Amino acid sequence: MKRIYRFLLLLTLGATAVSCEAYLDMTPDEVLTVDDVFNNRIYTRNFLTHIYSWTPSECNMADDGGAWRNPYTGGCDEMEIAYGAAYSHQINNGGWSPSDISRTQIWPESYMAIRKVNMFLAKVDNCPTSQDEKDHWKGEAYFLRAWYHFLAFRAYGPIPILDHYLNPEDDMLSIRRAPADQVAQFIADDCMRAYELLKDRPYVDHATQDGDIGRATSMAALGLRSRVLLYIASPLYNGNTDMSMFLDTDGTPLISQVEDAEKWKAAADAAKLCLDEAAATGYVKLYDRDSDPVTNYQNIFNQNWNEEILWAKNIGTYDHWENCANPISFGCFSILNPTQEMVDAYEMSDGSTPILGYEDNGMTPIINAESGYREDGFTDTSYPNRWEAGVSNMYVNREPRFYASINFSGAIWGKSRESNWTEPHQLEFWSTGVDGKNNAGSDYCKTGYLIKKLIYPTVVPFQFCPVQQWVYIRLGEIYLNYAEALNEYSGPTTEVYDAVNAIRNRAGLPDLPSGLSKEEMRDRIKHERRVELAFELHRFFDVRRWKDAENTENKPVHSMNIMAGTSLQDPAFYQRTYVEDRVFEAPKHYFFPVDQTEIDKRPQYLVQSPGWTTPTSGD
Amino acid sequence: MRHVLWGGVALPWTEEQLQKFKDGSDPYLYPSVDWTDAVLKKNSFQTMNNLSVSGGNDIVRYYVNVGFSSQSGLFKEDPSFGFKTNSQSQRYNFRSNVDINLSKNFTVSLGLGEIVEDRNYPGTPANDIFGAIKKYSPISSPIRNPDGSFGAGNTSYEWNNPYVLVTNSGYARQFRSTTQGTVGARWDLGTLITPGLSLSGRFSYDHYYYNEVTRNKQPETKKYLGSDPDTGEDRYTVIRDETAMGYKIAGNTSNRAYYYEFQINYNRTFGKHTVGVMGLFNRRDYKDLTAGNTTANLPYRRQGWAGRLQYNYAQRYLIEFNFGYTGSENFAPGLRYGFFPAISGGWVISNENFWGDNFINHLKIRGSYGLAGNDNVGGTRFFYMSNTDRNANGYIFGSGSTQQPGMAEAQMGSPNATWEVSRKTDVGIDLEMFEGVIRMQADYFYEYRDGILLQRAQIPDIMGAPWGETPYANLGIVENQGFDGMIEIKKTHSNGLFWSLRGNVTYAVNKIIEDDTAEALWSYQNSRGTKIGQPLGYIALGLFQSQEEIDKSPKQELGAYTVGDVKYKDVNNDGVINAYDKVYLKYPRTPEIMYGFGGTIAYKGFDLTLNFVGAGHTYTFFDGDGMWPFRLDYPGYNVRREYFDNRFIPNASPEENAEAVYPVAHNGTSTNNYQTSTLYYKDASYIKLKTAEFGYNFPEEICSKIKIEALRLFINGNNLLCFDKLKFIDPESDYGTGGYPTQRALTFGLQVTF
């Protein structure tokens, strides 16, 4: 008996000792390592798909952080955002700093995306699929690598270039910022690689390849290349001795110190290549389908995947940004508010300039009497799809792009909520109007204007939102890139005129006057970009690369007097009113500050952007 | 003058309109609503009932307990809504333990317990309600408009006023159930093999289930615009349309755990030698049955062996050796097991022959040194493995709105990670005097934690680690030391008066020795040498009183600032205030000193017990909503009284503003003023009268007459008094009323024992 018990005892102890190691092998049944992904065609494709997801939703102009980043539109003289927590306020009041720049996530997220691209490029050759498909995927990946570098480059200028992915044990502390010239060249080279690999897909044919819409194409690559080479040829980067102090820790200048006119040539050639290739496709061209230039201009952005688009994102039925752009009476936030300065920039319908400048107070306009522009009184006339009888004379006889881009008091926009979305709504931004300050909470129309361009007019707030696109690069920009680069290289030649006029004529405006000097032409092109490319994330970078920002971004912005007005024709509302001072300190604000914690990890290798607190010594 | 708020922008109201807000003559257009009062009750009720029975004989012993408690919350209800919306909980529990002697040497035991709870809540979660009270301005809207509809505003957080959220947004019903079962057996091998030897085993099973059904409702809310000057009819803007009551399973989670252990014990005394041996094997397997992904759904497993050897000589010299050999699934094969031995010894001086009759009747000196392991880092599992995210964000290709699936690198594996080890040393003394009247205990401890699992902090962002999550490594070192003490004095007098006093204190200070952070440029910013959780912030010097003061002060690069804004100290004297001027502030949030004291006095059936608790060396930040007015543009967000009474007022007299503590109000965000700084950093030490109970035990004669064993009447209270330096919030809460407040409870009770 005793023995049996002893035996039982041993048995129990023995059983517990068995398979102890296996007990802890509680790993997921199908662990996929990154290498496993590339052994499967579908997974590899999904990996690439995910890389696309990091391209920003720039439509979110009011919100900072994460993949929702666009502090640029509200952060320049185009717009004021009424939402107090938008990062653009930090940029505008000069209060941004290396310790809060992480709110934008531009730097870390660009590199998260770049890591994924590099991983994809390193491993895609293992994937069991056709060479043809691999080549397409690689082409897209090269484009995306260029694109994500560009997203960091446009904010930070000289940035570290990463053409491979890093393992935790690699030496990464010593990776430096590369000189801006090298960054631009790297981006341009990747674009050319993408172009070569995607040559058989210059654009996505809607009829036969619907499922590929939104993928990078060779035309997208050429468009991005044109933009980056234009940037690097510009005064900010090209022999900019104001940036002579922007040195790497080893003394290498990060901004070229000797002006090189050939960079303009390279930029002009890049734009020309893009335009020529577009023509060769027989499909990609300026959008010109509607006889009414107002509708036509709107539809560049509202007709999805049209022939002018080079690179865009399908943002689905995401409607938050639409709500930011729609008025209070629709139950919306009404916070994307173009400045009075932006409104003033639109020409008259005959191409004349309504406002020549401002008096010393920065607010009172110097009106060009010859243009017929008036700020007093109200009109008896009306013009379908442009203005209604009774609106302020300020909004009469302006160029078509004004009516396609700006929602102003008295303009017809959408359908009113009061009529259950059946009757046209006339906007009332004066204080007691249904869209006015008096009826708003802390979200309100701050300038008396709302953005109209880019916004889909078919949206019914909180009820219906169509599938939307967000355009990153379109052919219209390339025309202006070409004109600018060529004018800088060889002066206002016929080609320069033709390129600018193509854009103006399409917009319903007459040709530029002939006989302009190179400088006059430069100003005309700058103006054309400001208007034609408004709210498309060009202005913020354009004024910087032109080194104009210290003038354009360093003064107050203005609005209508939203605190006043009881009716459409109450003059009290139409008083120009100070909104806020804008701060731009040179050279500090030309480049974004690198997050302090990133600098702290390796101050001996990573330099801060100029002007942003680089302590010369510790204690 | 006072109505000029900032930058020359005037308030949008005339004097006449402001007067209407003040006198309440037009409460619809010019409302002034105390939202706290509108939605919260002053009192609520709770009941608790407990019944337990125990008994048995030589073969079977049993214990049965049944309980019921119910508690209702603080929210007001709207009788016209027709549904219960106030928070309420009803809790039932029962438990039964049975021990059976199968034979003289073999006992089996079975324990079963169950807790069932039903709860009700308003359709809006409590945090959102208290958040709304903080944000929703008193002048935004009335509770109800003249036509009876609910008042609202245009901004999203004003779509529903707090009263709507509390009383008319529907309700949520929660159900929770916890089941516990234990079965065990003990086999005494004393007669079979050798005296003092026994074998035991235990298996337990826990199951938890949680279910929540929400029935949300959006009533119509409107903004009242006044009456039309022509027609005299009231005008409204509809803010939210009414929706039918929804139905949603908002929560459905469940988990279970198995645990089993085998133990062998040997305890025997040979003359003056006492020997104890214990061996243990255990396993735990916890599974989240409704986890959202396959990794989290896998059982969490742990297993280990432990052993103990004890020896003492004549209860004078004690020595003990312990070990644990534990395996963790979190590490790669080969690195899974950790061996954690410990040794301790004691000398009971009072048992020595030379001690004799002494007023100190017990005196013991103790010491120990041992290792302990940790394999757990905040929910991350299997961090030795690299893996991919199969449901990574996708992207829309094509002209529709369907996303294509995405896949991405997820966790970067840390194949070399293993146990972090802490080495603990403890020296202590136990003392008892006057035959138990005074008891004392004191300990000094020192702990050195090494190989702490940290995410690599020096990896720069340009590596692009997925979501910034860098891999783990055993890199951290922290030391922790302190003192622990307890004293108790109790005495019963011959006349039946009993009194006792108790006190305890723990004082612990830690120090980071290594945390893999970069060497700071300025040595005072090195995190090495600081305490865990010690905040890094600016030193606020007060508020700028004039433009001249701004002009002659160092430039602050923390955002735009003006007169009335926070002025910071230029710590490194480089002429600018920037991130390099942050310093480590005194104390972290976790108190370094925790103490408690209390006492009981009893006489002739009456007794009174008081328990105080306290904390010291703890600071909190009192900032955020309510202290940062109008951060999303004026007039959004409420303002705390503390801010309002102590704020800087533009154009007020210098004398008035000299008293101001908080910066001037801005229209929108002011990063200069929102910096982590000493301005909002407040001493949160406190002493609280945590519980007090006064009771009466009826004499036995009365009890026996009504055939019960004991009868007690009592009144007790929780959170009765608080002495602190903050004054305006509970010193244990952060950032004001973040959520449901601590309730002061008074309970009247009757306890009957049969």
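Biologist: Which residue is the bridge partner of Ser227(B) in strand 11 of chain B?

Modeller: This is a predicted model, and in it the bridge partner of Ser227(B) is Asp234(B), which belongs to strand 11 of chain B.

Biologist: What makes strand 10 and strand 11 of chain B a pair?

Modeller: Two strands count as paired if there are at least two bridges between them; strand 10 (residues 221–227) and strand 11 of chain B have 6 bridges, in the antiparallel sense, so by that cut-off they are a pair.

Biologist: Why are strand 7 and strand 11 of chain B said to stand at the edges of the sheet?

Modeller: The open sheet has 3 strands in the order 7-10-11 of chain B, with mixed pairing. Strand 7 (150–151) and strand 11 (234–240) of chain B each have a single partner strand, so one side of each is left without a neighbour in the sheet.

Biologist: Turning to chain A, what makes it as compact as a globular protein of its length?

Modeller: Chain A comes to 20 helices and 12 strands. Its radius of gyration is 28 Å, close to the 25 Å that the globule rule gives for 619 residues, so chain A is described as being as compact as a globular protein of that length. The box filled by the C-alpha atoms of chain A, taken along the principal axes, is roughly 115 × 65 × 60 Å.

Biologist: How do you know that domain 1 and domain 2 of chain A touch?

Modeller: The domain assignment gives domain 1 (34–284) and domain 2 (320–465) of chain A, and their C-alpha centres lie 34 Å apart. A contact requires C-beta atoms within 7 Å, and the contact between these domains takes 11 residues from domain 1 and 14 residues from domain 2 of chain A. The side of domain 1 that touches domain 2 has 7 nonpolar, 1 polar and 3 charged residues.

Biologist: How many residues of each chain are in contact across the interface of chain A and chain B?

Modeller: With that cut-off of 7 Å, 85 residues of chain A are in contact with 84 residues of chain B. Helix 6 of chain A gives the largest share of the side that touches chain B, 8 residues, and by class that side of chain A has 40 nonpolar, 30 polar and 15 charged residues.

Technical notes: Residues are numbered from 1 along each chain as its sequence is written. Chains are lettered from A and ligands numbered from 1 in the order in which they are written. This is a predicted model: local features need pLDDT of at least 70, side-chain atom pairs count only at pLDDT 80 or more; totals for chains, interfaces and linings use all residues. Two residues are in contact if their C-beta atoms, placed from the backbone, lie within 7 Å. Helices (H or I, at least four residues) and strands (E, at least two) are DSSP runs, numbered from the N terminus. Ala, Val, Leu, Ile, Met, Phe, Trp, Tyr, Cys and Pro count as nonpolar, Asp, Glu, Lys and Arg as charged, and the others, Gly among them, as polar. The radius of gyration is taken over C-alpha atoms; the globule rule is 2.2 Å times the number of residues to the power 0.38. Domain bounds come from an automatic or database domain assignment.
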